[in-house]
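Subject: Handing over the structure

Hello,

I am passing on the structure we spoke about, and below it I have written out what was found, going slowly from one part to the next. Please read it with the model open beside you.

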Amino acid sequence: MDKIALTAGALYVIVLLRAGGTFAVGWLAGAGARRSRFAERISSTKFRRAERAIQRWGAPVVAVSFLTVGFQTAANFLAGSMRMPLPRYLPALFVGGAAWALIYATAGLGVLEVLGRIFAGQTALGVSAVAVLLLAVCGAVVYRRRRTAQPSGDTVAEES
């Protein structure tokens, strides 16, 4: 249990620094945009309405974003750039960050422990599993690159 508590504590500090830093960068970017050539665009009525909605109701979105993969950084950056007040943002950061740290500490350590047991007990199985995983990732990357590189059939037909 000490391992989980130590890992969760370390991850909590990391997520607070990372997400808080992302919020701060978003805040600075939003301040810069308000002084730039985009100032006219972001002073529109629709933008102001969206900004007020995020300032008021964005805290639950920030807290839940910690349970997602890939949306967390965007949510924290957007909260900063849209000037979510700190009294609303910080509780969401603390609660969401705690949930994230606990999930990754328990599930992450569990996965590492299982992998350690597989490699210790059945090294060939562990190496095979890693090789299959690497081949699957490489195959997916190659597939996506080929698919992106191929011109669509519509553009060839239109040129004729």
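A residue is called buried when its relative accessible area is under 20%, exposed when that area is over 50%, and partly exposed when the value falls in between. Arg83 has a relative accessibility of 34%, so it counts as partly exposed. Please keep in mind throughout that this is a predicted model.

For background, most residues other than glycine have a negative phi.

Helix 4 is the element to follow next, and it has two partners to consider. Helix 2 (residues 45-65) packs with helix 4 at an angle of about 10°, and the two axes are 8 Å apart. Angles under 35 degrees count as roughly parallel, and therefore helix 2 is described as roughly parallel to helix 4. On the side of helix 2 the contact is made by Gln55, Arg56, Ala59, Val62 and Ala63, while helix 4 contributes Arg88, Tyr89, Ala92 and Gly96. Sorted by class, this contact of helix 2 with helix 4 has five nonpolar, two polar and two charged residues.

The other partner is helix 5 (residues 123-149), whose axis comes within 5 Å of the axis of helix 4 (residues 86-121), the two crossing at roughly 125°. With that angle, helix 4 is oblique to helix 5. Here the contact is made by Ile118, Phe119, Ala120 and Gly121 of helix 4, together with Thr123, Leu125, Gly126, Val127 and Val130 of helix 5. In the contact of helix 4 with helix 5 there are six nonpolar and three polar residues, and no charged ones.

Is Tyr89, which was named above, buried or exposed? Tyr89, a residue of helix 4, has a relative accessible area of 1%, so it is buried. Apart from its neighbours within four places in sequence, Tyr89 is in contact with Ala19, Gly20, Phe23, Val62, Asn76, Ala79 and Met84. Arg37, by comparison, is 52 residues from Tyr89 in sequence, and their C-alpha atoms are 28 Å apart in space.

How many salt bridges are there in the model? The count comes to one, and it joins Arg117 to Glu113, with the closest N and O atoms 2.8 Å apart. Both residues lie in helix 4, four residues apart, which is about one turn of the helix. Arg117 has a relative accessibility of 59% and so counts as exposed, whereas Glu113, at 39%, is partly exposed.

Lastly, there are the annotations in the record. An unreviewed UniProt entry gives "transmembrane region" for residues 59-78, 90-112 and 118-143. In the model, residues 59-78 are 70% helix and 0% strand, and their end C-alpha atoms are 11 Å apart, while residues 90-112 are 100% helix and 0% strand, with end C-alpha atoms 31 Å apart. The unreviewed entry also lists "domain: VTT" for residues 19-108, and over this span the chain is 78% helix and 0% strand, with 19 Å between the end C-alpha atoms.

Definitions and conventions:
Residues numbered from 1 in each chain as written. Predicted model: local features only at pLDDT ≥ 70, side-chain atom pairs only at ≥ 80, totals over all residues. Heavy atoms only, no water. Axes fitted to C-alpha atoms, helices over the stretch in contact; angles between N-to-C directions. Parallel < 35°, antiparallel > 145°, perpendicular 65-115°, else oblique. Contact = heavy atoms within 4.5 Å. Nonpolar A, V, L, I, M, F, W, Y, C, P; charged D, E, K, R; others polar. UniProt positions renumbered as here; feature names shortened; annotations may be inferred. Salt bridge = Lys/Arg side-chain N within 4 Å of Asp/Glu carboxyl O. Buried < 20%, exposed > 50% of the residue type's maximum accessible area, 1.4 Å probe, protein only.
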